[in-house]
Amino acid sequence: MKKYQLFLCLLGLNVSIASAQDKHIDKRVDSLLRLMSLKEKIGQLNQYSGRELTGPVSNRKDELLKDIKAGMVGSMLNVKGVKDTRAIQAVALQSRLKIPLLFSLDVVHGYKTVFPVPLAEAASWNMDAIRQSAHIAAKEAAASGIHWTFAPMVDIARDPRWGRVMEGAGEDPYLGSAIARARILGFQGEKLGGTDALMACVKHFAAYGAAFAGRDYNPVDMSEQMLHEVYLPPFKAAADAGVATFMNSFNTLNGIPATASTYLQRDILKKDWNYKGFVVSDWGSVREMIPWGFAQNLADASEFAITAGSDMDMESGAYIGELENLVKSGKVKPALIDDAVKRILYKKFELGLFDDPYKFSDFKREELVMKDPEHARIARAVATQSIVLLKNEKNLLPLNAGIKKIALIGPLVKAKADLASTWTVYADTANMTNVYDGLQQKLGNKVELSYAKGCELNDTVSTGFNLAVKTAEAADVVLMVLGEAGDMTGEAKSRANIDLPGRQEALFNAVKATGKKVIVVLMAGRPLVFNAIAEKADAIVYAFWLGAEAGNALADVLSGAENPSGKLPLTFPRSLGQIPLFYNHANTGRPVTKPGDIRYKSAYIDAPNSPLYAFGYGLSYTSFEYSALNIAQEVIKKGESLKLSFKSGGDQKRGKSEAEF
Ligand code: NOJ
């Protein structure tokens, strides 16, 4: 009892220290605000990209420097490194009120050490691993002068045509919420202001993942129920976890651009969720209201955005050009500007930038942190856990000791830059470990490796097939590494066809026709459709993009040094026509109750309803249990509300799931 009282006392003490700190910052914000002119306030709401500042000389460079010196810029994105951040901060400190800049960057899956893409990490279902990965990214970026990352992206994604599925945690709001929390705790550490932590920015608010037809920047139209049950929960989890900032999104939601949505930003976020951080627009999304047909000009767009609760304008140049007139003409109330400015200044105080504007830009720390060998070790462990074993006929994997010669075939065997995929900012692609090197290091003294590329990723010819077939014939077993190019997913990378590009499936067929056992490692930033491989390959490993340690992690799993444990964070369709296909969809009044009996039932006449592989699917070397069900049972035991509406079963040995959707 005494211990309990002591605990409550300490808890109370913590709460009161925290609120005393809040009040202290509030006071400092208020007194600074009183000193600011309207122009200076609007400057704080303006974010520019700094690529031109550090790149070759351009016309914009002089203008940017002039604006920063005049206090007309609150934040810069795309400036990194101690040298550059110090130099640019020094310019901001020449402004009248010496308000420091916030430096932000898309630190999405690692900074210098490249971790697996977020979708791959989601396949680990391991919150500690995900938190650790985000924390190392934050440590490296924060040592390099960065204050703020535009991550985590928590958009629910149910359409693999959409290129941005690689940035998120897949299709499920429960898993997505847990991962949102883990990433935020990782990025932000114990407390904002630590030099090993970044402010996180949860994005894209909201429903961006539901763009029509999986095409990026397309409109979104959805019911209130779908919005609240599926698309908003990860954002709510992020707000509850104390995320410092929100980013709104490019899409419209039921006809209204998210950047102009009072419903999303004021009613839900700032009122219902009582959110105290600030909202940044997405790149140019204020300006894009004009082509959307929602605003006639930049002045209208600015009025709509600030009124709706969009606090900072990223790269539209809208607020800086329009807000002063809008306030003077009475269209925008000064209190709205003050509220936005206060939210931004609060974060600058919380980070400690007013006490030391160069706090994060320390040459010694930058050098030391980037060299920490522990980071690569953890990246390898996280990558290992992100690998999903989809099929393992007759326990072909792990590679057994009797194998003397392995033929490595395919356009991704020796790939390096692809392994980083998109949204890397500092990747040293020359030093990434590919599959060839990983296996060579792991097995090289016991096993002979031979190699044939077979074809390019997006080839139209089959000239390399003969050599590939000969190489296969001369080996005990074949390992093919196939997939997309690393830059085929990410922003503006929607695909209308998600088959393996080029001649890769034909290459697989030619190699398989040799009669050799074939293991296929697939690399991609999205689910691909690969029915022939699913049918005929002896073993299939889905690797997504595993980052700098990809080859080592795959060698660990293929050799059996590690047991594969990844589970799919989203459903893999058999054909494009099934999309969107996800496990927790609502019932139909006409379900298929007997296999094959589809007359007047909710079914396709030319394809099964079931997916190629279901959400939560993943095998290990030691059990063939249907892992999603185990996870669901755990969740249900804890009283959480994950609802699985599919049946388990299926022939695990053939690597198929017959989950009924
Ligand atoms: C546009 C993207 O949608 C967003 O995710 C990113 O953070 C910004 N550009 C800044 O690079």
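**An enclosed helix and the ligand shell**

In helix 23, the buried residues are Ala-550, Gly-551, Asn-552, Ala-553, Leu-554, Ala-555, Asp-556, Val-557, Leu-558 and Ser-559, as computed from a model that is predicted. Because 10 of the 10 residues of helix 23, which spans residues 550-559, fall under 20% relative accessible area and are therefore buried, the helix is largely enclosed by the rest of the structure. The cover over these buried residues includes helix 17 (374-385), helix 18 (417-420) and helix 19 (435-443), and it also includes strand 14 (477-483), strand 15 (518-523) and strand 16 (539-542). Just after helix 23, Gly-560 adopts a positive phi of about 90°.

Among the residues of the shell, Asp-106 places an N or O atom of its side chain 2.5 Å from an oxygen atom of the ligand, and for Asp-282 the separation between a side-chain N or O atom and a ligand oxygen is 2.5 Å. In the case of Arg-164, a ligand oxygen atom lies 2.7 Å from an N or O atom in the side chain.

Conventions: Residues numbered from 1 in each chain as written. Predicted model: local features only at pLDDT ≥ 70, side-chain atom pairs only at ≥ 80, totals over all residues. Heavy atoms only, no water. Polar contact = N/O pair within 3.5 Å; in protein donor to acceptor, adjacent residues only side chain to side chain. Buried < 20%, exposed > 50% of the residue type's maximum accessible area, 1.4 Å probe, protein only. Helix = DSSP H or I, 4+ residues; strand = E, 2+ residues; numbered from the N terminus. Contact = heavy atoms within 4.5 Å.
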